[in-house]
Amino acid sequence: MLDCLVIGGGPAGLTAAIYLARFHLSVAVVDAGHSRAGLIPLSRNHAGFPEGISGADLLARMRAQARLYAATFHDRRVETLERAAEGFFASAGSMDFAARSVLIATGVVNRRPAMLSDAVHDEALANGSWRYCPICDGYEVTDKRVAVIGTGERGCNEALFLRSYTAHITLVAPQSGHELCEAQYALLREAGVRVAGSCRAIALEGKAICLDVNGDRLTFDGVYPALGSDIKSELAGMVGAAMSTEGCLTVDAHQRTNVPSLYAAGDVVLGLDQISHAMGEGGVAATTIRNDLARQTPLRR
Ligand SMILES: Cc1cc2nc3c(=O)[nH]c(=O)nc-3n(C[C@H](O)[C@H](O)[C@H](O)COP(=O)(O)OP(=O)(O)OC[C@H]3O[C@@H](n4cnc5c(N)ncnc54)[C@H](O)[C@@H]3O)c2cc1C
């Protein structure tokens, strides 16, 4: 019986694992290996790294730090989560875990346009022409030619957010076309954002990225998809955790879900999707878990 099973080994889960292991609690991290942080070629807004740090490097450092204090790691996907007489029972293929408490730190997955091949995606992500997070790296497209692929409130807001970095913004519709109301067209017009038709194809041209927009070839230095995310909250749903209509888990100020002994942290929780926030929530969750466990059975050396 573990004191805590952490599901998800991104910045939120790893921060929690470091804290929990240093509280002398038994903790295992099960991670399916698709952290959004792992996609970051170089983060320049993560405090403490003025030269920037790649997501892979950051994750490796955090894993090594958790291992120093005897947290264990299992690179696999948790398939099911059930309530048990004392805590939870999780199944991950050929391995099962029993734990007094569970932290859900399973993150989200950004949606991509269907016509974007994996090869073009990976190369464009690495060379900085395909980006997901204006808060993280809008600075890097200052005064550059930028497209936002999206529409509606989400696409409109992302284009307007990026307008504070560059005057050269085009809002390109997804394949299904634009769904913008008159007020949104007016806001975009007033901000000088160009509104273009539907994206049919995406290709790289050196460091630039070309979109086929209704037969016209438009070239950009950077493209942001604003197509939303899939929230990885299914496991929490299996034990009855409350979530928003989009699937983000709702927690109290101490990262407790509505299910006793089930906690959540990071992008899977409603809030700012940033490394610093995920780490902060991971630290809060771990401390709450420690204190809640101590209330059940005093922790003594
Ligand atoms: C390209 C890109 C650039 C970014 N740049 C920055 C930046 O510069 N600065 C910044 O602050 N933020 C940045 N972000 C956002 C940042 O990566 C996320 O906010 C952060 O990774 C969230 O951490 P997390 O631990 O909540 O989730 P994640 O890092 O996504 O980790 C979740 C983990 O849970 C695992 N998992 C999911 N389901 C299961 C399951 N059933 N069983 C086991 N494991 C499971 C996943 O495989 C994954 O490894 C960027 C994101 C992207 C995509």
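Start with helix H3, residues 118-127: Val120, His121, Ala124 and Leu125 are buried there. Buried means under 20% relative accessible area, exposed over 50%, and partly exposed in between (1.4 Å probe, protein chains only). Helices (H or I, at least four residues) and strands (E, at least two) are DSSP runs, numbered from the N terminus.

Why do the four sit on the same side of H3? They cover an arc of only 125° around the axis. That arc is taken from the directions from the helix axis to the C-beta atoms. An α-helix has 3.6 residues a turn, so residues three or four places apart point the same way.

Before going on, note that this is a predicted model: local features need pLDDT of at least 70, side-chain atom pairs count only at pLDDT 80 or more, and totals for chains, interfaces and linings use all residues. Residues are numbered from 1 along each chain as its sequence is written, and side-chain values use heavy atoms, with hydrogens and water left out.

**Around H3**

Select Asp118, Ala119, Glu123 and Ala126. These exposed residues lie on the face of H3 turned away from its buried side. Now show strands S10 (194-205) and S11 (208-213). Both are among the elements that cover the buried residues of H3, where contact means heavy atoms within 4.5 Å. Then step to Gly128, which follows H3 and has a positive phi, near 85°.

**Salt bridges**

How many salt bridges does a search of the whole structure find? It finds 16. The criterion is a side-chain nitrogen of Lys or Arg within 4 Å of a carboxyl oxygen of Asp or Glu.

Asp118 is exposed at 53% relative accessible area; Arg112 is partly exposed at 35%.

Next, select Arg111 and Asp230. Their side chains form a salt bridge of 3.0 Å, N to O. The pair links distant parts of the chain, 119 residues apart: Arg111 is in the loop between strand S7 (108-110) and H3, Asp230 in strand S14 (residues 229-231). Arg111 is partly exposed at 36%, and Asp230 is partly exposed at 35%.

Move to Arg154 and Glu246. Their closest N and O atoms are 3.2 Å apart in a salt bridge. Arg154 lies in helix H5 (residues 152-162) and Glu246 in the loop between helix H7 (234-238) and strand S15 (262-264), so the pair ties together parts 92 residues apart in sequence. Arg154 is partly exposed at 39%, whereas Glu246 is exposed at 55%.

Last stop: select Asp252, Arg256, Asp292 and Arg295. A network of salt bridges links them.
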